[in-house]
Amino acid sequence: MAKSLEQQIIDKNEQMQKLKNEQRKLLQKQKAEAEKAKKQRLFNRGVYLEKIAPHISGMSETEYEKYMDKITFPEIKLAPPPAEMQGGILTEGGDENDTENDEE
């Protein structure tokens with residue numbers, strides 16, 4: 001006996017859902033593999049860097065960042081962060097409650 005049109009629609013919807021789930025799983029697997037490769041690459045580069053410059057292993061994060069900036073971009077003088085920089089986040093146009101320029 002042939003399936004009714006309604007049953008065929010239901011079956012196709014189930015097939016589509018299965019394919020969407022399979023696609024989602026494959027995308028998750030692809031993302032996980034890319035993250036794993038990135039972590040391995042960063043690890044390998046860090047190991048090599050400490051091998052050729054063993055003194056960096058004792059540096060704090062801030063010292064390390066300054067050191068890397070200095071050797072990577074020796075010609076660039078690092079300027080202090082702008083006044084709008086608060087807590088590591090650049091705010092748009094400064095503080096809205098700033099009353100210095102609100103003399104209207």
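**View 1. Polar contact between the side chains of Asp11 and Lys3.** In this predicted model, the side chain of Asp11 makes a polar contact with that of Lys3 at 2.6 Å. A polar contact is a pair of N or O atoms within 3.5 Å; within protein, one must be able to donate a hydrogen and the other to accept it, and residues adjacent in sequence count only if both atoms are side-chain atoms. Asp11 and Lys3 also form a salt bridge, with 2.6 Å between the closest N and O atoms. The term denotes a side-chain nitrogen of Lys or Arg within 4 Å of a carboxyl oxygen of Asp or Glu. The count by this rule is 1 salt bridge.

View 2. Asp11 lies in helix H1, residues 5-52. Asp11 is buried, its relative accessible area being 18%, whereas Lys3 is exposed at 51%. Buried means under 20% relative accessible area, exposed over 50%, and partly exposed in between (1.4 Å probe, protein chains only).

**View 3. The chain as a whole.** The chain contains 2 helices and 2 strands, arranged along the sequence as α-α-β-β. Helices (H or I, at least four residues) and strands (E, at least two) are DSSP runs numbered from the N terminus. Of its 104 residues, 4% count as buried. The chain exposes about 10300 Å², of which carbon and sulfur atoms supply 54%; accessible areas come from the Shrake-Rupley method with a 1.4 Å probe, and for residues only the protein chains shown count as cover.

Residues are numbered from 1 along each chain as its sequence is written, and side-chain values use heavy atoms, leaving out hydrogens and water. Local features need pLDDT of at least 70 and side-chain atom pairs count only at pLDDT 80 or more, while totals for chains, interfaces and linings use all residues.
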